[in-house]
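Please look at the sequence and the structure first.

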Amino acid sequence: QAQLVESGGGLVQAGDSLRISCAASGRTFNRPFMGWFRQAPGLEREFVSAVTWGGSSTWYADSVKGRFTISRDNAKNTVYLQMNSLKPEDTAVYYCAGREGYPRESPYYANQYVYWGQGTQVTVSS
């Protein structure tokens, strides 16, 4: 069973930057497609970003486009989310998600991912 562990969350001020990480361990899965989702209190989990195995293709939610950057280091089995110009509305628990191979449907859908981390809290104060 593959395991995903997020780290790097914390409390920052509006306009600050933060980088969160997701490390995969346990059973390795072939050509992992990775994504980030977030969930704020009282709201549904929403897509943030995704990246292919080779890193050549990425996806972003409109709300984070231009501010967040997803990247990966396959040698370290780690995916990163660099978050710049953070806003209070970015406050949420951020979840790492993964699957083997390219999603059959849109990478924006949470049901396309098999493996999930426990989440890391990101709080942006105004």
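Is Asp90 buried or exposed? The model is a predicted one, and in it Asp90 has a relative accessible area of 1%. Buried means under 20% relative accessible area, so Asp90 is buried.

**Salt bridges**

The structure holds 4 salt bridges. Asp90 takes part in a salt bridge with Arg38, where the closest N and O atoms are 2.9 Å apart. This pair links distant parts of the chain: Asp90 sits in the loop between strands S8 (78-83) and S9, Arg38 lies in strand S4, and 52 residues separate them. Arg38 counts as buried because its relative accessibility is 5%.

Asp90 also meets Arg67 through a salt bridge, at 2.8 Å from N to O. Here too the partners come from distant parts of the chain, since Arg67 belongs to the loop between S6 and strand S7 (68-73), 23 residues from Asp90. Arg67 is buried, with a relative accessible area of 11%. Through shared partners, salt bridges join Arg38, Glu46, Arg67 and Asp90 into one network.

A further salt bridge is formed by Asp62 and Lys65, with their closest N and O atoms 3.1 Å apart. Asp62 has a relative accessible area of 66%, so Asp62 is exposed.

| Asp90 | Arg38 | 2.9 Å |

Strand S4 covers residues 32-39 and runs antiparallel to S5, with 5 bridges joining the two. Within this pairing, Trp36 stands opposite Ser49 of S5. The two strands make a hairpin that has 6 residues between them, and Gly42 in the turn shows a positive phi of about 80°.

S5 itself spans residues 46-51 and is mostly covered, as 5 of its 6 residues are buried. S5 pairs with strand S6 (residues 58-60) as well, in the antiparallel sense and over 3 bridges. Val51 has Thr58 in S6 as its bridge partner. S5 and S6 likewise form a hairpin with 6 residues between them; in this turn Gly55 has a positive phi of about 85°.

The largest nonpolar core contains 34 residues. Those with the most contacts inside this core are Met34, Trp36, Phe68, Leu81, Met83 and Tyr94. Leaving aside neighbours within four places in sequence, the residues in contact with Tyr94 include Trp36, Phe68, Leu81 and Met83.

Cys96 is placed in strand S9, residues 92-100. Is Cys96 buried or exposed? Its relative accessibility is 0%, so Cys96 counts as buried. Not counting residues up to four places away in sequence, Cys96 touches, among others, Cys22, Met34 and Trp36. Other residues in contact with Cys96 include Leu4, Glu6, Gly35, Tyr115 and Trp116. Cys22 is 74 residues from Cys96 along the chain, and their C-alpha atoms are separated by 6.2 Å.

Terms used: Residues numbered from 1 in each chain as written. Predicted model: local features only at pLDDT ≥ 70, side-chain atom pairs only at ≥ 80, totals over all residues. Heavy atoms only, no water. Buried < 20%, exposed > 50% of the residue type's maximum accessible area, 1.4 Å probe, protein only. Helix = DSSP H or I, 4+ residues; strand = E, 2+ residues; numbered from the N terminus. Pairing = 2+ DSSP bridges. Core = buried A, V, L, I, M, F, W, Y, C linked by side-chain atoms within 4.5 Å. Contact = heavy atoms within 4.5 Å. Salt bridge = Lys/Arg side-chain N within 4 Å of Asp/Glu carboxyl O.
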